[in-house]
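Consider the chain shown below.

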Amino acid sequence: MTDLAPTNVLSIYSAWRRRLGNSGVLASFVLAVVAPLILVGSYLWVVAVEQYASTVAFSVRKEEFKSSLDLFGDIPLLAGSSVSDTDILYEFLKSQELAAQVDAQIDLRALYSKYWPRDPVFAYDPVGTIEDLHQHLRRKVQIAYDSHTGLMTLRVLAFTPEDAQRIAQAIFDECSRMINELSAVAREDATFYAKEELDNSIARLKDARQMLTRFRLSNQIVDPTADFQGQMGVLNSLQSQLAESMIELDMLPTGLKPDDTRLQQAQRRIEVIRGRITQERAKFGVDGGVPGGEDYASLISQYERLNADKIFAEEAYRTGLAAYDVAQADARRQSRYLAAHIRPTLAEKSEYPERLKLLAIVGFFLTVIWATCILIYFSIRDRR
């Protein structure tokens, strides 16, 4: 198969030469390749205006800070997304928004239309739309981006060294502004959500405290647990007094008459103490089925629930306050910034347009097109 292709090309070329002769080959080559190359070369060396390049290189730096407030818990700081800042910046450099902002800042249309219509290929038509200006700027700005290191290099072309440097500086300023806006939005979001959580925790704590206050006012008890302990102390004291009274009754002399004053007083004391013990026990439902006992038990349960809500609200408030302090501290410092390791340069000589390179590219494509057309033409003609 590899030997057939050159044979076919030579046979077609031989047949073409037989039909047209050497003069036909040269004539078609001159018309299709040489003449356009002369026109392109004339334009590049006579008409095309010299262009100067300004280079600027930078990267996005992100500083990570740790606060002592992080000891209170795993409080989230500013978190980056799956898309890096340099990727966002790379897309911004190719956007129409950048062209519009740079044009508004330094009048980009005037800088690129200085030699219109003398150089219609490399100069910008001042009556063009913003889309035309965007496309023209993309031709003038060459972007080199290393996704592994995050380094970005721009080469900006203009008709004077000062204009090239000015445009490069304007693009760098717009990129820096965009990065600052991204950082500001991230900080505002972090502060906003932290403040929202803090406000919610404060409202929850106020509600919990108000509910506990209403409970204390309605029941006239500050702490039912302490009141319960006090009631148990009274009951224990009555139990001790009952035991002492029964011992005193047992120590009375035997054989006393029923109407003896000492006997009656001792028995009366025991009956009173027992009655008081029964009343105190009724408060806790010790004997069962007592309404007072049921009310006191529900009172303790309600207090414990309200107190647990208050404790939880206090913990949430402390956590929210710490998170808000961290967000505010981070908002007071710039976590992202654009660091230029090569400032916009000022060219001393013109390197563009690359005339020889452009002429060679044009010549190559003209030759390929010419040869392809010749082969197609004679392959079709030979089949007739």
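**Helix packing, a buried serine and model confidence**

In this predicted model, helix 3 (residues 96-106) packs against helix 6 (residues 161-219) at an angle of about 120 degrees, and their axes are 10 Å apart. Angles from 65 to 115 degrees count as roughly perpendicular and those over 145 as roughly antiparallel, so helix 3 is oblique to helix 6. The crossing of helix 3 with helix 6 is right-handed.

On the side of helix 3, the residues in contact are E97, L98, Q101, V102, Q105 and I106. Their counterparts in helix 6 are R166, I167, A170, I171, D173, E174 and R177. Sorted by class, this contact comprises six nonpolar, two polar and five charged residues.

Helix 6 also contains S201. S201 counts as buried because its relative accessibility is 4%, and the cut-off for buried is under 20%. Leaving aside residues up to four places away in sequence, S201 touches A313, A316 and Y317.

As for confidence, the chain has a mean pLDDT of 79, with 79% of its residues at 70 or more. The pLDDT is below 50 over residues 1-5, a stretch with zero contacts in the model beyond near neighbours in sequence. Residues 286-294 also stay under 50 in pLDDT, but for this stretch the model has 10 contacts beyond four places in sequence.

Conventions:
Residues are numbered from 1 along each chain as its sequence is written. This is a predicted model: local features need pLDDT of at least 70, side-chain atom pairs count only at pLDDT 80 or more; totals for chains, interfaces and linings use all residues. Side-chain values use heavy atoms; hydrogens and water are left out. Axes are lines fitted to C-alpha atoms, for helices over the stretch in contact, and angles run from 0 to 180 degrees between N-to-C directions. Helices (H or I, at least four residues) and strands (E, at least two) are DSSP runs, numbered from the N terminus. Angles under 35 degrees count as roughly parallel, over 145 as roughly antiparallel, 65 to 115 as roughly perpendicular and the rest as oblique. A crossing is left-handed if the near helix is turned anticlockwise from the far one by less than a right angle, and right-handed if clockwise. Contact means heavy atoms within 4.5 Å. Ala, Val, Leu, Ile, Met, Phe, Trp, Tyr, Cys and Pro count as nonpolar, Asp, Glu, Lys and Arg as charged, and the others, Gly among them, as polar. pLDDT is the predictor's confidence in each residue, from 0 to 100. Buried means under 20% relative accessible area, exposed over 50%, partly exposed in between (1.4 Å probe, protein chains only).
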